[in-house]
Amino acid sequence: MKLAFDIALRFLKSSKGQTILIVLGIAIGVSVQIFIGSLITGLQKSLVDKTVGSAPQITVAPQEDGDFILDPQAEIKTIKAANPEEITNLVAVTQGPAILKTPAESTTIILRGFDWGAAQGIYKIADRVVKGELGINENEVIIGKDLSKNLNVAIGDAIEMITPTGKTGEFLVTGFFDLQVKSLNESWILTNNGTAQTFLETGEGVSQIEMQVNDVFAADEVAMDVEKRLNDETLIVTNWKEENVALLSGLSGQTASSLMIQVFVLISVVLGIASVLAISVVQKSRQIGILKAMGMHNPKASLVFLFQGFLLGILGAFVGIALGIGLSWSFATFVTNPDGSSLVPFYIDWVFIGVSAGIAVIASTLAALIPAIRVSKLDPMEVIKNG
Amino acid sequence: MDNFVVEVKGVSKVYGKTIKTVALHELNLGFKTGSFNAIIGESGSGKSTLLNIIGTLDRPTKGEVIINGVSTRNMSKGRLADLRNETLGFVFQFHYLLPEFTALENVLMPYRVAHGKADKESQKRAREILNLVGLEKVENNLATNMSGGQQQRTAIARALMNKPKIILADEPTGNLDSQTTDSIYQLFRKINQELGTTFVIITHDRRVAEKADRIVEILDGRVSLDIIK
Ligand SMILES: Nc1ncnc2c1ncn2[C@@H]1O[C@H](COP(=O)(O)OP(=O)(O)OP(=O)(O)O)[C@@H](O)[C@H]1O
Ligand SMILES: [Mg+2]
């Protein structure tokens, strides 16, 4: 073992140019893998984050439209108990459609009321207020910045709303919010829970309970836990995954294509190593021949080349990791949106990098298998006869 | 008959399948322990073929090779390799040193093939052998950074490393000038006398052959002359 390893090391050292070239080849392969892998993962993370990061990921609502959850606090406790580790940011929401009337025009909106403090978790509402402040008193509301523009409403204005049942109410606009989704900015009016409950006449009840989960991709499983725990046929549990099938299939398509790229990169790396080592077998045939004449066994002679593949793989993987991280970082730093933020955030997944490096080392060693077999078949007589 | 360290019995070697070249014809030959033997004969007579068969690098078409009283006919490749490592030392016309290693490391190679690591004692021994062949000054030179004569002497030192019973040399001085040739044969003789190592040397040089204990001449794959002094 030791001798085979030492000889492998010497062979690599003695043909430095060849070694550097092949290490560079592996390194570029590994770095491309890491770069593409992190790019795709970063992209997907930011995409999912943009989609559901500030939105409910699981919602519990009554089966029948227009019904209410009568004891939200008790239900929230039950839900939390279904999976305490995963479930976070629980908030009870009272909501309903209404018609907003200004002197000039009227438009349909959705009035949503929640406890501002509890809503901070999902909606980060305090950070979303771009002008004015949250309405904490009775009959105070905040409206989307697009709606305010459309209807020409200013802070301090009073607006009038009518419920589908014909009830009317007057509300004071205390601020504008920007949820960064135009349709929400145009159609949502947010208020405190008490105001919504009174105006929509839900009593102590709420329309739905919303929550987030720590692992967004486990939302469907957590939703099942919640459903089991609640064990209530009048309630329906939905999660973001079932409502975003197109996005998810897009993501898995992306993952598959990135996997394909990685497989092909790997194949080209393996072919490169195998061919360079095959040439090296010819170059080193004298040495191998005399070692065998001296009594080196065939498997040991093969081991010399397996070690070379292994060493090249290790070296290539290390250089590749450095290159790949550098590449990902440069991409995140220099490829930016007009506002200066990264197009794709810098994201390092050490597990993924470890797996890529591990595969590169294994593949390099396996690539050395073909030359190693040739070595074991080399007859010292051939070398000694032909000088 | 009994103290042959190596013996070939009825050895034939035929090359080729369609056009057959018979390189050796049922040869019978034995070399005594501690003897110093020269094999001569014209080019193409079968000398190298014989030596390679004795060295178990090549297998005879017919017959058997007996080394240390044991037939090698049914030995596996691994057993033959071990046998070569322990009992045989080779010197060829070309030195076949590993250019990636120094003279000392090359000399240690047969030991490391057997034991993996070179311990203190083996390193001491390798240095002693290098001393013996007069190379103590260049022991740390890479094999490529030595003269032809130094390279060949390193190869001889390497052949001696595992204290082989037999040294098989195929025109070991073929590439060297006459002065270096002389010093190398003196060295062989010295090793032969001091260590009792058996030598079988192929040479074209009649002058060299005449200094041997025994001269075997091969002609067309047969022994045509066998002079024991
Ligand atoms: N691989 C081979 N295939 C076919 N014929 C071979 C082969 N090797 C050797 N021969 C033939 O066997 C015969 C003996 O060759 P060998 O190499 O033993 O000669 P030699 O006595 O060592 O000659 P030289 O003094 O030139 O080295 C020659 O006729 C040669 O052509
Ligand atoms: Mg010859």
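Analyst: A definition comes first: a polar contact is a pair of N or O atoms within 3.5 Å, and within protein one must be able to donate a hydrogen and the other to accept it. In this predicted model, 13 residue pairs are in polar contact between chain B and chain A, both residues of each pair being at pLDDT 80 or more.

User: Which elements of chain B supply residues to the side that touches chain A?

Analyst: On that side of chain B, α2 (77-87) and α3 each supply at least two residues, and α2(B) gives the most, with six residues.

User: How many residues does each chain bring to the contact, and how much area do the chains bury between them?

Analyst: Chain B brings 27 residues and chain A brings 26 residues. Between them the two chains bury about 2,300 Å², with 65% of it on carbon and sulfur atoms. On the side of chain B, the residues that lose the most area to chain A are Tyr96(B), Glu100(B) and Val113(B), which together account for 29% of what that side buries.

User: Why is the pair of Asp6(A) and Arg112(B) called a salt bridge?

Analyst: The label requires a side-chain nitrogen of Lys or Arg within 4 Å of a carboxyl oxygen of Asp or Glu. The side chains of Asp6(A) and Arg112(B) meet at 2.6 Å, N to O, and this value is within the cut-off, so the pair is called a salt bridge.

User: What do the buried residues of α1(A) pack against?

Analyst: The buried residues of this helix are Leu3(A), Ala4(A), Asp6(A), Ile7(A), Ala8(A), Phe11(A) and Leu12(A). They pack against α2 (16-52), α12 (285-293) and α13 (298-334) of chain A, together with α3 (103-115) of chain B.

User: Why is Thr94(A) called buried?

Analyst: Buried means under 20% relative accessible area, and Thr94(A) has 0%, so the label applies. Thr94(A) is placed in strand β2 (residues 87-101) of chain A, and its side chain makes a polar contact with the side chain of Asn193(A) at 2.8 Å. Among the residues that Thr94(A) touches are Leu111(A), Arg112(A), Ala196(A) and Val206(A).

User: What makes Leu172(A) partly exposed?

Analyst: Partly exposed lies between the buried limit of under 20% and the exposed limit of over 50%; Leu172(A) is at 33% relative accessibility and therefore counts as partly exposed. This residue is found in strand β7 (residues 168-177) of chain A, where Leu172(A) touches residues including Asn139(A), Val141(A) and Gly156(A).

User: What makes the pair of Glu210(A) and Arg112(A) a salt bridge, and are these residues buried or exposed?

Analyst: Their side chains meet at 3.0 Å, N to O, and this is within 4 Å, so the pair meets the definition of a salt bridge. The pair links distant parts of the chain, with Glu210(A) in strand β9 (residues 208-213) and Arg112(A) in strand β3 (residues 106-114), 98 residues apart. Glu210(A) is at 1% relative accessibility and so counts as buried, and Arg112(A), at 3%, also counts as buried.

User: Why do Asp205(B) and Arg207(B) count as a salt bridge at 3.9 Å?

Analyst: The limit is within 4 Å, and the N to O value of 3.9 Å falls inside that limit, so the side chains of Asp205(B) and Arg207(B) count as a salt bridge. Asp205(B) is partly exposed, with a relative accessible area of 26%, and Arg207(B) is partly exposed, with 42%. Elsewhere, salt bridges that share partners join Lys2(A), Asp6(A) and Arg112(B) into one network.

Methods: Residues are numbered from 1 along each chain as its sequence is written. Chains are lettered from A and ligands numbered from 1 in the order in which they are written. This is a predicted model: local features need pLDDT of at least 70, side-chain atom pairs count only at pLDDT 80 or more; totals for chains, interfaces and linings use all residues. Side-chain values use heavy atoms; hydrogens and water are left out. Buried means under 20% relative accessible area, exposed over 50%, partly exposed in between (1.4 Å probe, protein chains only). Helices (H or I, at least four residues) and strands (E, at least two) are DSSP runs, numbered from the N terminus. Contact means heavy atoms within 4.5 Å. Buried area is the accessible area (1.4 Å probe) that two parts lose on being put together, summed over both. Lists of a residue's contacts leave out its neighbours within four places in sequence.
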